[in-house]
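Please open the structure in the viewer and keep the sequence at hand.

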Amino acid sequence: PRKQTAAPEPEPVYITNDGLERMRSRLARLQRMLPELSAEAARTAAYGDRSENAEYHEAKSALRRTQRQIWTLENRIKYSVVIETGADAGGAVRIGSIVTVETDAGIRRSFRILGPLESDPGAGHISFQSPLGAALLHRKKGDAVPIATPNGARTYRIVEIN
């Protein structure tokens, strides 16, 4: 007999309240589209031979794609963990913190540590899974954080945590 293994526990989806609301409204919009997509698949199926029916294949593909997006969003929402802002109780960086760092060259930048779904480095939003985000987690104001970059090693000093 084969040994049965349990399915791995799903990873939490770290997201802001705004991000969660955007996912919920996108889910609602996709769910409203389903009846129309189903009707289109049924209408094009009536054209006859499905093996050479391009309209049917396209309609069926659009329906499947939308159902897959709905399933993905439902699971992300189900496993969402809303991110709190600021430092943790001990004053350390956590997911949701806005961290101001200073480079060796005296350049200051601020980053908000978020989940991968809301990561936007150009806007200063970095994932806690990114090299910099992971290195900053659990650090405190004044800590020097060494980071290996493609251009060589850099050290960031944490100036502020909000």
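Which side chain meets that of Arg24 in a salt bridge? The model is a predicted one, and selecting Arg24 shows its side chain meeting that of Glu21, at 2.9 Å from N to O. Both residues belong to helix 1, where they are 3 residues apart, about one turn of the helix. Arg24 is partly exposed, with a relative accessible area of 39%, and Glu21 is also partly exposed, at 42%.

Remain on helix 1, residues 17-45, which gives the most to a positive patch, with 3 residues. To display this surface patch, select Arg26, Arg29, Arg32 and Arg76. Arg29 is found in helix 1 and counts as partly exposed because its relative accessibility is 40%.

Next, select strand 7, residues 152-161, together with strand 3, residues 98-103; the two run antiparallel and are joined by 5 bridges. Val101 has Ile158 of strand 7 as its bridge partner. A hairpin of 2 residues connects strand 6 to strand 7, and Ala148 is the bridge partner of Ala153 in strand 7.

Finally, select Glu102, which is buried because its relative accessible area, 18%, is under 20%. A salt bridge joins the side chains of Glu102 and Arg157, at 3.0 Å from N to O. This pair links distant parts of the chain, with Glu102 in strand 3 and Arg157 in strand 7, 55 residues apart. Salt bridges with shared partners join Glu102, Arg108 and Arg157 into one network. Within it, Arg108 is exposed, at 51% relative accessibility, whereas Arg157 is partly exposed, at 36%.

Key:
Residues numbered from 1 in each chain as written. Predicted model: local features only at pLDDT ≥ 70, side-chain atom pairs only at ≥ 80, totals over all residues. Heavy atoms only, no water. Patch = residues over 30% accessible without salt bridge, like charges linked within 9 Å, V, L, I, M, F, W, Y side chains within 5 Å. Areas by Shrake-Rupley, 256 points an atom, 1.4 Å probe, with all protein chains shown as cover. Salt bridge = Lys/Arg side-chain N within 4 Å of Asp/Glu carboxyl O. Lys, Arg positive; Asp, Glu negative; His and termini not counted. Charge placed at Lys NZ, Arg CZ, Asp CG, Glu CD. Helix = DSSP H or I, 4+ residues; strand = E, 2+ residues; numbered from the N terminus. Buried < 20%, exposed > 50% of the residue type's maximum accessible area, 1.4 Å probe, protein only. Pairing = 2+ DSSP bridges.
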